[in-house]
Amino acid sequence: MQVYVVATPAEVGRLAGAKIGALIRSKPEAVLGVATGSSPLDVYAELARQVKEEGLDCSKVTAFALDEYVGLPVGHPESYRKVLERDVVGPLGLNPDKLNVPDGASDDIAAAAIDYERRIREQGPVDLQILGIGANGHIGFNEPTSSFSSRTRIKTLAPKTRADNARFFDSPEQVPMHCLTQGLGTILDARTALLVAQGENKAAAIAGMVEGPVTSMCPGSILQFHPDAIVIADEAAASQLKLTEYYAYTYENLPSWQRFEQPQA
Ligand code: GLP
C-alpha cells in the first residue's frame, strides 16, 4: 500500500487528480470506478480543471459507480446517478451513455445486482477505482462485517451511515434504509484502488484500514490485500497513523518513474 500524507484537502485532490489524469492521458478509454460523497469532490474538481485548462479528454472514459440507494424514485436529485451526472459527467465531459450505476429503482433488486456485476465483467476490469471511506471504515456501502469476497448486492445502511448522509436530505428519515453496493470482492478486482480521505472524523478509519489488522469490522482494511492500493490523506485524516515519518520518507525517496504529481503533457 502506498500512503501519501499531504497538508490540505485541496492537495489530496491535486495529487489524486494527477494520478487519474495521467491514466486517462495514457489510456483514453480507461474504465474508472467513481465514488460519491464529499471525499472525491476535490479530485473531480482537479480533473475538471485539467479538462478545461489542459485539454484532458474524458469523453471515451467508461465509469462505474460504487453504489446506489435503493428505493429513491428515478431522477431523485440525491440518487447517486444524479449526483454523478452533476459532479462527474458534466464537469469532466464524460459520455453520459458510458456512466453505469446499479439500478436501485428496479422491481427486482437481486437481478439488478447480478446485472451490474455482468456489466463490470464485460466492460472491465476497472482500471482505477476511486474510493472514500466512511467514519466506520466502510468502502462503497460495505458496512462493518461485510464479507471480504462479496459482490454487488443489497445492504442495509448502518444507522451511523444514514446519520452521516442525512445532510444531503431534508430530514434524516428520508435517507434510504437500503442500497446496492459493489462488494469488497468487486472492489478488489480493480487494477488500482485509490482512496482519498480528509478531516479529523476519518482519522480512526484511516488508521484502522492502513495500520490495523485486516478485519471485516473495518472493511477498508481489505485493501491491505490489494496489489496496487494508494491512500492519499490530509494531515487531519492521517493524524492517528503511527508510521507518518516512514510515509514521508518513502515519498521523498520515490523513484521518479513512480511519481505522479506532474501530469504528463
Ligand atoms: C458514503 C458512500 C461512500 C463514501 C463514504 C464516505 O455514504 N457510499 O462511497 O466513500 O460514505 O462519505 P464522505 O466522503 O461524504 O465522507
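1. The model discussed here is predicted, with local features needing pLDDT of at least 70, side-chain atom pairs counting only at pLDDT 80 or more, and totals for chains, interfaces and linings using all residues. Residues are numbered from 1 along each chain as its sequence is written, and side-chain values use heavy atoms, with hydrogens and water left out.

2. On the surface, L243, Y246 and Y249 form a nonpolar patch, and together they have about 360 Å² of accessible area (Shrake-Rupley method, 1.4 Å probe, with only the protein chains shown counting as cover for residues). Y249 belongs to helix 8 (helices, H or I, of at least four residues and strands, E, of at least two are DSSP runs, numbered from the N terminus). Y249 has a relative accessible area of 55%, so this residue is exposed (exposed is over 50%, buried under 20%, partly exposed in between, with a 1.4 Å probe and protein chains only).

3. In helix 4 (residues 109-123), the buried residues are I109, A112, A113, Y116, E117, R119 and I120. Seen down the axis of helix 4, these buried residues fall within an arc of 160° and so line one face of the helix (the arc is that of the directions from the helix axis to the C-beta atoms). On the other side of helix 4, A110, I114, R121 and E122 are exposed.

4. The buried residues of helix 7 (residues 203-211) are A203, A205, I206, A207, M209 and V210, and what covers them includes strand 1 (2-6), strand 9 (192-197), strand 10 (229-234) and helix 8 (244-252) (contact means heavy atoms within 4.5 Å).

Notes:
Patches are made of residues with over 30% relative accessible area and no salt bridge: like charges are joined within 9 Å, nonpolar side chains (Val, Leu, Ile, Met, Phe, Trp, Tyr) within 5 Å. A salt bridge is a side-chain nitrogen of Lys or Arg within 4 Å of a carboxyl oxygen of Asp or Glu.
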